Amino acid sequence: MTVLRKNLIDGEWLGEAGSRNINPSNTNDVVGEYASAGPEEAKQAIAAAKAAFPAWSRSGPLARHAVLKKTSDEIMARKDEIGRSLAREEGKTLAEGVGETIRAAQIFDFFAGETLRLSGEMVPSVRPGVGVEMTREGVGVVGIITPWNFPIAIPAWKIAPALAYGNTIVFKPAELVPESAWTIVDILHRAGLPKGVLNLVMGKGSVVGQAMLDSPDVNAISFTGSVGTGKRVAAASIEHMRKFQLEMGGKNPLVVLDDADLAVAVDCAINGAYFSTGQRCTASSRLIVTEGIHDRFVDAVKERLDKLVIGDALDAKTQIGPVVDQTQLKQDEDYIAIGRQEGAELAFGGERLERGTPGFYLRPALFLGSTNEMRISREEIFGPVANVIRVKDYDEALSVANDTPFGLTSGICTTSLKHATHFKRNSEAGMVMVNLPTAGVDFHVPFGGRKGSSYGPREQGSYAMEFYTTVKTAYTFAG
């Protein structure tokens with residue numbers, strides 16, 4: 001029997017079935033049915049969050065700590081169950097699904113600790129007898145809009161700090177992956193959150209998301225998704241003078257220099273470009289390789305690609321799962337066709353695959369002979385597609401790496417301390433990796449980029465405080 005998951009509004013589970021969640025590894029498998037909120041439900045959720053804010057924002061740190069710690073503990077205890085469900089609905093491998101679930105537990109644990117580390121400042125005034133205090137308070141009702149590619153980790157790294165710093169939430173997850181979102185909300189609800197503090201409104205972005213953008217009672221919006229939607233979030237937020245935080249696309253470079261350890265460079269390229277089916281904003285989609293190592297690197301990458309196991313995400317032997325859905329599969333295939341039309345050589349993969357169950361399987365694609373001016377080098381594909389750009393030396397590699405409208409993450413493979421140090425300082429990206437894949441970050445340090453990739457304060461770690469709080473300066477004259 002198919003399970004019906006409802007929206008959580010003002011502490012009550014509400015709604016009727018509106019959408020089905022399909023397993024991309026087996027399109028005959030229905031993960032569940034999910035309520036689809038309309039504009040009225042979204043307005044009710046916003047009103048509930050607004051009403052709950054005064055009490056929650058003034059709750060003690062131990063109350064918030066208890067909820068977040070209980071949530072972390074349950075997610076960790078259920079990591080295999082939740083990770084399997086995540087892999088089933090999104091298509092990333094079972095190992096990746098469990099790993100992402102563990103990451104979510106770690107994030108809630110970190111922010112449980114942050115509730116006990118809240119601090120302020122007290123300084124003397126320039127006026128005699130006056131004291132000055134600087135404190136931080138929650139901003140109010142926070143709208144959270146998350147993407148489908150990290151169904152539990154991204155909601156965790158937005159919801160956990162929002163709650164830790166005393167905000168209330170209206171949460172709209174991606175339509176493709178509602179099960180992970182529902183699970184995290186259910187756990188938080190049972191962990192003891194007062195009604196109205198966290199509201200789940202599943203449904204279409206054009207309906208639920210728009211209601212959030214239109215409401216003057218939403219005080220801040222944290223969004224992760226496409227550049228186009230991010231710009232609409234920004235424009236609507238300026239209209240209401242609300243805070244907004246955007247994490248959008250990437251076209252991340254991995255530079256491989258002649259002096260690189262070849263095995264390290266290939267590992268970084270395969271992991272960064274193709275794991276999670278390339279469906280990561282931090283994926284290394286541009287492989288910028290100097291002449292001396294180019295041919296050996298390409299041969300080694302093709303050899304590794306040929307050995308990768310592409311299959312059902314729930315099969316423990318699978319290394320690359322399916323693309324998330326038919327729409328994304330078509331986008332990947334369209335860009336593969338564009339690359340060939342532009343004159344790049346499709347040196348490996350790019351074709352659909354048949355497996356034991358009907359699914360959205362695509363062999364990872366590698367282009368050679370591409371230039372940085374081609375569309376496949378400029379536009380985010382968001383699939384298992386990477387292109388090699390051949391360059392003369394380090395200086396040209398750095399120039400090509402920075403020649404992009406995005407600036408989320410970048411990487412370099414080299415044994416030269418000189419080049420590694422220079423690249424870290426001069427790469428125009430928010431995150432820089434040396435001899436590591438461009439995808440893969442820690443949960444206790446800032447996440448975010450530059451240029452068209454990000455806007456607003458960083459996510460994750462203690463830096464999350466910058467977005468989820470506002471500063472108050474209070475003066476006291478003792479008399």
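Q: Hi! Which strand does Lys 451 lie in?
A: Lys 451 belongs to strand β21, residues 450-451. Strands here are DSSP runs of E with at least two residues, helices are runs of H or I with at least four, and both are numbered from the N terminus.

Q: Before we go on, what kind of model is this?
A: This is a predicted model, where local features need pLDDT of at least 70, side-chain atom pairs count only at pLDDT 80 or more, and totals for chains, interfaces and linings use all residues. Residues are numbered from 1 along each chain as its sequence is written, and side-chain values use heavy atoms, with hydrogens and water left out.

Q: Thanks! Back to Lys 451: what is its phi?
A: Lys 451 has a positive phi of about 50°, although it is not a glycine. Most residues other than glycine have a negative phi.

Q: And how accessible is Lys 451?
A: Lys 451 is partly exposed, at 37% relative accessibility. Buried means under 20% relative accessible area, exposed means over 50%, and partly exposed is in between (1.4 Å probe, protein chains only).

Q: What about Gln 460, is that one buried or exposed?
A: Gln 460 is buried, at 1% relative accessibility. Gln 460 also has a positive phi, about 75°, without being a glycine, and it sits in the loop between β22 (454-455) and α15 (465-468).

Q: New topic: where does UniProt put the active site?
A: The unreviewed UniProt entry places the feature "active site" at Glu 247. UniProt positions follow the numbering used here, feature names are shortened, and annotations may be inferred rather than shown by experiment.

Q: Where is Glu 247 in the fold, and is it buried or exposed?
A: Glu 247 is in strand β12, residues 243-247. Glu 247 is buried, with a relative accessible area of 4%.

Q: Which residues does the record list for a domain?
A: UniProt's unreviewed entry lists residues 20-473 as "domain: Aldehyde dehydrogenase". Over residues 20-473 the chain is 42% helix and 21% strand, and the end C-alpha atoms are 49 Å apart.

Q: Now Tyr 274: where is that?
A: Tyr 274 is in helix α9, residues 262-274, and is buried at 0% relative accessible area. The C-alpha atoms of Tyr 274 and Ala 386 are separated by 8.1 Å, while the two residues are 112 apart along the chain.

Q: Last one: where does Asp 393 sit, and how accessible is it?
A: Asp 393 is in the loop between β17 (385-391) and α13 (394-402). Asp 393 is partly exposed, with a relative accessible area of 31%.
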